[in-house]
Amino acid sequence: MSWQQYVDEHLMCDIEGIHLTAAAIIGQDGSVWAQSSTFPLFTPGEITAIVNDFAEPGSLAPTGLFLGGVKYMVIQGEPGAVIRGKKLISFTMES
C-alpha cells in the first residue's frame with residue numbers, strides 16, 4: 001500500500017459519520033509523502049517549524065502552529081511523537 005492510498009482510504013474514511021477534513025503525511029525532512037486534496041497549501045517555513053518542534057518539544061506552544069497561513073493552538077505534545085493542535089476541530093500529527 002502506498003502512503004497516498006493510506007491517506008485516501010484510511011485517514012480520510014468515514015467512521016460512524018465522523019471523518020477528517022484534511023490529512024497529510026510529511027517526512028521529517030519536510031517532504032510531502034502523501035496528502036488529501038483538501039490539505040491546505042503550506043509554506044516551507046510552516047513545515048520547518050513543525051519539524052523543529054519534534055527536535056525541541058514545546059517550541060510551537062508560544063507562537064502556535066501554522067498550516068496554510070491558519071493558526072492552530074498547540075494543546076499537547078509528546079517529545080518525538082505527537083503534536084496536537086486545535087482550531088475549530090482537533091488534529092493529530094505523529095512522527
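1. Val51 is partly exposed, with a relative accessible area of 24%. In this note, buried stands for under 20% relative accessible area, exposed for over 50%, and partly exposed for values in between (1.4 Å probe, protein chains only). Val51 belongs to helix H2. Its C-alpha lies 5.8 Å from that of Gln28, although 23 residues separate Val51 and Gln28 in sequence.

2. On the basis of the note: this is a predicted model, in which local features need pLDDT of at least 70 and side-chain atom pairs count only at pLDDT 80 or more, while totals for chains, interfaces and linings use all residues. Residues are numbered from 1 along each chain as its sequence is written, and side-chain values use heavy atoms, with hydrogens and water left out.

3. Overall composition. The protein chain contains 2 helices and 6 strands. Helices (H or I, at least four residues) and strands (E, at least two) are DSSP runs, numbered from the N terminus. Read from the N terminus, the order of elements is α-β-β-α-β-β-β-β. Of the 95 residues in the protein chain, 24% are buried.

4. Helix H2 covers residues 44–55, a run of 12 residues. From its first C-alpha to its last, H2 reaches 17 Å, close to the 16 Å expected at 1.5 Å a residue. That expected span is 1.5 Å times one less than the number of residues in the helix.

5. Which residues of H2 are buried? They are Glu46, Ile47, Ile50, Asp53 and Phe54. These residues lie on the same side of H2 because they cover an arc of only 115° around the axis. The arc is taken over the directions from the helix axis to the C-beta atoms. On the face of H2 turned away from the buried side are the exposed residues Pro44 and Ala55.

6. Asp53 deserves a separate entry. This residue of helix H2 has 7% relative accessibility and therefore counts as buried. What does the side chain of Asp53 reach? At 2.9 Å it reaches the backbone nitrogen of Ser59. A polar contact is a pair of N or O atoms within 3.5 Å; within protein, one must be able to donate a hydrogen and the other to accept it, and residues adjacent in sequence count only if both atoms are side-chain atoms.

7. Strand S1 (24–26) can be read from two of its residues. Ala24 lies in S1 and, at 25% relative accessibility, is partly exposed. The C-alpha of Ile26 is separated by 8.5 Å from that of Ile47, 21 residues away along the chain; Ile47 is one of the buried residues of H2.

8. Leu67 is placed in strand S3 (residues 65–67). With a relative accessible area of 7%, Leu67 is buried.

9. Backbone at Glu16. Glu16 is not a glycine, yet it has a positive phi of about 50°. Glu16 sits in the loop between H1 and strand S1. Is Glu16 buried or exposed? At 79% relative accessibility, Glu16 counts as exposed.

10. Surface patch. Met1, Trp3, Tyr6 and Trp33 make a nonpolar surface patch of about 490 Å². Met1 comes in the segment before helix H1 (3–11) and is exposed, with a relative accessible area of 65%. Patches are made of residues with over 30% relative accessible area and no salt bridge; like charges are joined within 9 Å, and nonpolar side chains (Val, Leu, Ile, Met, Phe, Trp, Tyr) within 5 Å. A salt bridge is a side-chain nitrogen of Lys or Arg within 4 Å of a carboxyl oxygen of Asp or Glu. Accessible areas come from the Shrake-Rupley method with a 1.4 Å probe, and for residues only the protein chains shown count as cover.
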